[in-house]
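Q: Could you take a close look at how helices pack against each other in this model? I would like one connected account of a few pairs, with the residues involved.

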Amino acid sequence: MTEETEPGSLTRVRKFKDWVHDYVSFSPWICSFIDTKHFQRLRYIKQLGVSYFVFPGASHNRFEHCLGVGHLARLMAMHLKTSQPQLGITDQQVKCVELAGLCHDLGHGPWSHLWDGILIPRALPGKRWKHEDASEMMFDDLVETYRPEITPEEVIIVKALIAGDKTRCPLGNEKPYLFEIVANARNGLDVDKFDYIARDCHAVGDRGNLLISSARVIDNKICYDIKDANQIYELYYTRFSLHKRVYNHKTTKAIEYMVLDALLAAEPYLKIASLVDKPDKYVFLTDNLLNKIEESTEKELEPARAIIERINTRDLYRLVDYKVFSHADNDMVRRNITPARIVEVAKSGSLEGVDEELVLQLTEDHVAVNVSVLHYGKGPSNPLDDVTFYSKQQPDVGRKADPSDISLLMPAVFEEVWLRVYTKDCQFFGLIQAAYRQILRMLQPSEGVAAPDEQQHEGAVTPKESDNPETMVKLWTPSTSLDSLLSTPPMSSRKLSASSLADHRSGPGAGPSPSTGSPRALGPGPSGDQLHRPSTPIASNTVGTNRRSRSFGRNPSFSDNAFTTVPPNFRDVSPSRKPRSKRAREGEEGGSVPAKKSRIDGVGKS
């Protein structure tokens, strides 16, 4: 960071060297907010949370991200002010937009979204809290503590700009487009994304794009040059790609669950979740929370310390299986595939080839199920539908773009549901996978989800999804017969008993499993009789596929993931990894830890 004096002035402008935007400059007024413990706290909160354990370059913090967003917010506001003077944007309004960008993430907790997205809902069930609320709380406390030169009216404007809510102050009616700079509720195209996509891409070795020079206000909306439409699409795609490859990386999620379990184990003693409404305490909550637990000596924190030791020695929760679903199946997946149902099926007696001793030991605390909804920024909709464009020939006319104005190679679907099932103890790997797949076979995809070769042509009428939860949520529980399930129309609700699964697996008509090496054919769909009678034992979980060939998009139930298939009695053992901590070594050398005892350490010991 450097300081310099503006020509003809004693005002010192401070410049921060940023590895994304090069030098970023801030006035003394903005720096009066930077030089506070509330803002400096962001130096100790990783932008990508525990992704740093997977991507060593992702070591950047909320501090530099907020500097970047403040910098881009000022650039955007100044660009609109100078390129369109008729808008009447004032210097005060530019300052408020810049400050909103700077302070928009003041409320993030340790490990960023892990705190508000996972921990708080688990530690404080029923509490409606998100980091945006905490950002306003911390901003109010900053103003109260340090008394910077800011009027009550400006405080209201800044908080409204942070929220992207133009209804909260008169400026929202006067200049609504200013509320699309920091937090754009209309189409998600804002400087927050401009910075974090560029910064996160840089950290993991990709490249991002900036679009500020293309912005123009038309009809009180920020619009972009049609020639930049593909670049805007790439930004939305990059957002999706980062969520898919980085933010939701399988190992990142495994470590998130381990951090969550460590914090929940420490919560009864430390009471950290209760600090979210206390700014004087919350200001000291950062990523070093794990270090504080690790260096503690209290007996009550031993279970949490044991989990942290597993993170440090890379003894992580293991990914058992994964699958991508249509967004229409989101509720069905969340209701049916849970740790409780997986354990229930594992103990139902319906699985072949499993270790019965492990079945007795398995509990819900050994299983983690992650369901992530991934999209381009506007749920199942194409985000470009909400972006307004102008052209060089008509710079004052904003209009929506037709697909033929941009590209005909955009996807037909913009949202998917990604399911991952984890085991917290590697000895339960095969058992958990077998139970999960038993549930999967009983579920049926939502009607109207066409296979790639069945996608309707442009202009065709698309069936409207039913609003009836009985048809949209195909809830399965082990409580009715398999035959009644298989004879029920796909969109009806149904229940299945675990005992009937055991009866069915050896019942008549159960033919031998196909060869483990034979690929799934892409032939015509099955006949009606085939849909109602499985040709192989439904509980079998041998390596490879154990069900007949079907064409994509016509399956009466979901297929197994051939890339992750293991035998039901498979126990994942880490190659060349021996116990490295003193605690684990003493357990093995002294014989005090039985060979089949759970190694989950402090989380649901059986």
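A: Happy to. Let's begin with a crossing: helix α5 passes helix α11 in a right-handed sense. This is a predicted model, so please read every value below as computed from it. On the α5 side the contact is formed by L114, I118, L119, R122 and A123, and on the α11 side by E256, V259, L260, L263 and L264. Sorted by class, the contact of α5 with α11 has 8 nonpolar and 2 charged residues, with no polar ones. As for geometry, α5 covers residues 113-123 and α11 covers residues 250-270, and the two pack at an angle of about 40° with their axes 11 Å apart. Angles under 35 degrees would count as roughly parallel, and α5 and α11 are therefore oblique to each other.

The next pair is α3 with α9. Helix α3 (residues 62-83) packs against helix α9 (residues 191-204) at an angle of about 135°, and their axes lie 8 Å apart. That angle makes α3 oblique to α9. Their crossing is right-handed. From α3, the contact takes in E64, H65, G68, V69, L72, A73 and M76, while α9 supplies V191, D192, F194, D195, Y196 and R199. The class count for α3 with α9 is 7 nonpolar, 2 polar and 4 charged residues.

The crossing of α6 past α7 is right-handed. E136, F139, D140 and V143 of α6 meet V155, V158, K159 and A163 of α7. By class, the contact of α6 with α7 consists of 5 nonpolar and 3 charged residues, and no polar residue takes part.

To place these pairs in the whole protein, its secondary structure comes to 24 helices and 9 strands. Of its 606 residues, 53% count as buried. Among contacts in the protein with a separation of 6 or more, 73% come from residues 24 or more positions apart. Finally, the accessible surface of the protein is about 27700 Å², and carbon and sulfur atoms account for 52% of that area.

Conventions:
Residues numbered from 1 in each chain as written. Predicted model: local features only at pLDDT ≥ 70, side-chain atom pairs only at ≥ 80, totals over all residues. Heavy atoms only, no water. Left-handed = near helix turned anticlockwise from the far one by under 90°. Helix = DSSP H or I, 4+ residues; strand = E, 2+ residues; numbered from the N terminus. Contact = heavy atoms within 4.5 Å. Nonpolar A, V, L, I, M, F, W, Y, C, P; charged D, E, K, R; others polar. Buried < 20%, exposed > 50% of the residue type's maximum accessible area, 1.4 Å probe, protein only. Areas by Shrake-Rupley, 256 points an atom, 1.4 Å probe, with all protein chains shown as cover. Axes fitted to C-alpha atoms, helices over the stretch in contact; angles between N-to-C directions. Parallel < 35°, antiparallel > 145°, perpendicular 65-115°, else oblique.
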